[in-house]
Amino acid sequence: MIEFYKMLISICLLLAMNAHAESLEVLHWWTSVSERRAADILVERLSKESWEWKDAAVPGGSGLGAMKVLKSRVLSDKAPQAAQLIGPAIAEWGDLGLLLELDEVAKQGGWAKSIWPAPYASIRLRGHVIAAPLGIHRINTLFYNRKIFKQLGLAAPQSWPEFERAAEKIKRAGFIPLAQSSEPWQVATLFEALVLSEGGPAYYRDLFVRRRANAFFDPRLGRALERLRALRRYMPDPLTEKTWTQMAKMLAKDEAAMLIMGDWVKGELNASGLLTDEAFSCVPVPGTNEMHLYSIDTLVMFAGNYMKQAGQEKLAQLLLTPAVQANYNKIKGSVPVRRDANVRLMDSCARSSWQTFAKGSTVQAPSLTHRMASDEALKDAIVAQVHRFFSDSQMPVSEAQRRMAGIVRALGAEEKEP
Ligand code: BGC
C-alpha cells in the first residue's frame, strides 16, 4: 500500500514538474530580421517565467501563409497555444468558442483604462477580453531616403503635386522614385493609403467597414485608382513580385528614393543599422496628414488545454507590461497600445504615429489589407481585384469600381460597424 502511495506521489510530482517548465507554441509571421528581434523580446521575457516559447513562424509578408496554416491546424484539432490574429477575426474565432478568456489578466492589469479604445475594442467580445494587443502599426507612411533627397535639394513631399515634382527630378537623376513590388498585398497596401488620401477616414469606412456598395461608384474611389495607375511610372520597371524586405533594401541601398508601406519598414531599416532621421525619415502619405491607417498586432490564446493555461495567462500579462510594450515596439516599428507610453523615448516616426492615433476614431481608419477592417473574404476579394486592375492597364477605372461594388453586394453589404 505504502509503495502504491509513493508511486502516486512521484507521478503527481512528475506531472507538476511537466506542467511547469513547459512550452507554449506560438504561431506568427514575424520572420524578417527586425520582426524576429522584436519577437525575441517576448521569448526572453517569457523564459524568465520558466515558460519556453516554441516558435511556429510561417514566412510571408502580411501573414497570408500563416493564416492558412493556422486555420488548417485549428480544423484538425492541432491549435497552437497562441497565435497572431488581427481585427474582426478575433471576435469571429471567439464566437466559435476557440479562444481563452483573459478577463482576470485584463482586470489585474487594468487594461480597460491603460489601452487605447480602438485596440481595446478589438480584443473584446460580449464583455469578455479574448486577446492581448501588442502594437499599433501605421500603414499610411511614406519613407524617404535622406541622402538622395539632400543630393537633389528636395524636401519631403506634403502634397501630391510636390510628390510628382520630386519624383520627376529623382527619375531624371537616375534613381527609382518609388520602390514597389507587384505582390498583391503590397499593391493593396498602397491602394488603401490612396483611398484614405482621396476620401478621408469616414469615406474609407463606408467602403470597407460599412460595406456600402454605392460608395464604390464615388469619384473619390475612381481618383484613388487613377493615382494607383499613374504612380506606376515612378516604380521599378519591370515591376516584379519582390518581398517587402527587398523593397526596404532598395531604399537602404540608395537605389530608390521613396517607399509607401506600413512602419514595420522602419524596424527593418533600423535593424540594418540605418537610423531614423539620419539615413531616412518618414512623413504621412500626401493627403493623409493627421490621419492614421492602422493595424494592431495581437496574440490570441487557444482554449482547451488546462496544462498550458497558466503559461498562456502569463504571456498575455507580459505583453501589456510597460517595459515589454516599449522594448518590443521600438524594434518592431510600431507604437505601444498603452496610453501611458513615454512619447519622449520615441523617434520622430513613432511620435507622429502615436500623437495622431491619440486623436481618436475620427482620424483613424482600419487597414483592409492588414485585416483590421473586414473579414478575410472581403479582404481577399478586394485585394485580388485591385491587383488585377493594377496589372491590366486596359481595364477602365469604372470597371474596377463596378467589380468591387459587385463583390461587396455578393458578400453581404451594409455591415454594422463593430
Ligand atoms: C503585420 C506586421 C508585419 C507585416 C509584414 C503586417 O500584416 O501586422 O506585424 O510586420 O505584416 O509581414
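## Terms and model

A polar contact is here a pair of N or O atoms within 3.5 Å, where, within protein, one must be able to donate a hydrogen and the other to accept it, and residues adjacent in sequence count only if both atoms are side-chain atoms. The model is predicted, with local features needing pLDDT of at least 70 and side-chain atom pairs counting only at pLDDT 80 or more, while totals for chains, interfaces and linings use all residues. Residues are numbered from 1 along each chain as its sequence is written, and side-chain values use heavy atoms, with hydrogens and water left out.

## Two domains

An automatic or database domain assignment divides the protein into domain 1 (2-135 + 297-344) and domain 2 (141-293 + 361-410). Their centres, taken over C-alpha atoms, are separated by 31 Å. In the contact between them, defined by heavy atoms within 4.5 Å, 22 residues come from domain 1 and 18 residues from domain 2.

## Around the ligand

Because both domain 1 and domain 2 give residues to the shell around the ligand, the ligand lies between them. Around the ligand there are 14 residues, of which Glu35, Ser62, Asp297, Lys332 and His370 come nearest; a residue counts as near if one of its heavy atoms lies within 4 Å.

Oxygen atoms of the ligand take part in several pairs: an N or O atom in the side chain of Glu35 is 2.5 Å from one, a polar side-chain atom of His370 lies 2.7 Å from one, and for Trp29 the distance is 3.4 Å.
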